[in-house]
Amino acid sequence: MRVLVAGATGVVGYPLVGALRARGHRVSALVRRGSEGRAPEADEVVVADALDRDAVLAAVSSARPEVVVHQMSALRLLRDDPPAAFALTARLRTEGTAHLIEAARAAGARRLVAQSIAFAAAPAGDPVLDEDAPLYLDAPDLGWASTVRAVAELERQVTGSGLEGVVLRYGTLYGPRTAYARTGTTARSVLAGRLPLPGGGAGIMSFLHVEDAVGAAVAGVESEATGVFHVTDDDPAPAAQWLPHLARMLAAPSPRSVPAALAPRLLGWFMAHQLMSAHGAANDRARTALGWKPVRPSWRDGLGQE
């Protein structure tokens, strides 16, 4: 098939291009202007800023894809400017998604596969939630509420696009080029002893290795299934388990315990929420409908080792 990967220089997009080509697909890599030198080896590279409607229409038209894969984010900016990274990513999830859908339709594509996140659910109900759980649209933190609203809008657009829409809600990514890689922002905080364990660490994380995110995107391209899917490993775990494990793997100091009341001030609202009250995500639907399963079923086999 002819497949266009938007966000082809990203943590998932870059290896996805190679994985799709290895399976015989003809792949166009869509990258923003100025990033051509970092593009993966592809059958062709097309250039457009995702927020430039006309440029996206022209780039996608030239590629003539049957399937469009949306892997666009601005999380590359997290290390230097987190607020800017989240704000631009929200625009890519809303405006960028709208441009990509319009371009996909105009080019005659039949299918759209888009990345989302599996940790945007409201912290209520079972400790591990399925895709029907409500999103945390009314989160008390305005920054996180804005992020979740952008996620909800992306998912609404994709599933209502008139194309065969697939939303892949990735778990917390670990592996090369992620925040949990040895040189990543989270790993560096653990190494420096700056990531404590607040309030007993009851918040549950569902992790996903980058390789498994790529595998799920390939399944999304090749499957006939549509809808929203959690793409996570099989081992949702509280922070009280995974954070000390990560510290051991990094040969870092053991995380110190701090009172829950201090966590938002020390860590920021989002990280405090993740460590104390977040819920995990079940991957049963992706296994059944997409025929996907994680090659790395547990974070215990790789977190902190790359």
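Reader: What makes a residue count as buried here?

Author: Buried means under 20% relative accessible area. The model is predicted. In strand E12, Gly227, Phe229 and Val231 point one way, Val228 and His230 point the other way, and all are buried.

Reader: Why is strand E12 called mostly covered?

Author: E12 spans residues 227-231, and five of its five residues are buried.

Reader: How do you know that E7 and E12 pair?

Author: Pairing takes at least two bridges between the strands. Strand E7 (residues 164-170) and E12 have five bridges, in the parallel sense, so the two strands pair under the cut-off of at least two bridges. Among the partners, Val166 is bridged to Gly227 in E12, and Tyr170 stands opposite Val231 in E12.

Reader: What makes E12 an edge strand?

Author: The open sheet holds seven strands in the order E3-E2-E1-E4-E5-E7-E12, with parallel pairing. E12 and strand E3 (44-47) are its edge strands, as each pairs on one side only. From one strand to the next, the twist averages 20°.

Reader: Which helices pack on the sheet, and what do they touch?

Author: Helix H2 (residues 53-63) packs on the sheet and touches strand E1 (2-6), strand E2 (26-31) and E3. The direction of H2 makes about 160° with that of E3. Helix H4 (residues 142-159) also packs on the sheet, where it touches strand E4 (67-70), strand E5 (111-117), E7 and E12. For H4, the direction makes about 165° with that of E5.

Reader: Which residues make up the contact of H1 with H6, and what are their classes?

Author: From H1, Pro15, Leu16, Ala19 and Leu20 meet Val210, Val214, Ala217, Val218 and Val221 of H6. By class, this contact has nine nonpolar residues, no polar and no charged ones. Ala, Val, Leu and Pro are among the types that count as nonpolar.

Definitions and conventions:
Residues are numbered from 1 along each chain as its sequence is written. This is a predicted model: local features need pLDDT of at least 70, side-chain atom pairs count only at pLDDT 80 or more; totals for chains, interfaces and linings use all residues. Side-chain values use heavy atoms; hydrogens and water are left out. Contact means heavy atoms within 4.5 Å. Helices (H or I, at least four residues) and strands (E, at least two) are DSSP runs, numbered from the N terminus. Buried means under 20% relative accessible area, exposed over 50%, partly exposed in between (1.4 Å probe, protein chains only). Axes are lines fitted to C-alpha atoms, for helices over the stretch in contact, and angles run from 0 to 180 degrees between N-to-C directions.
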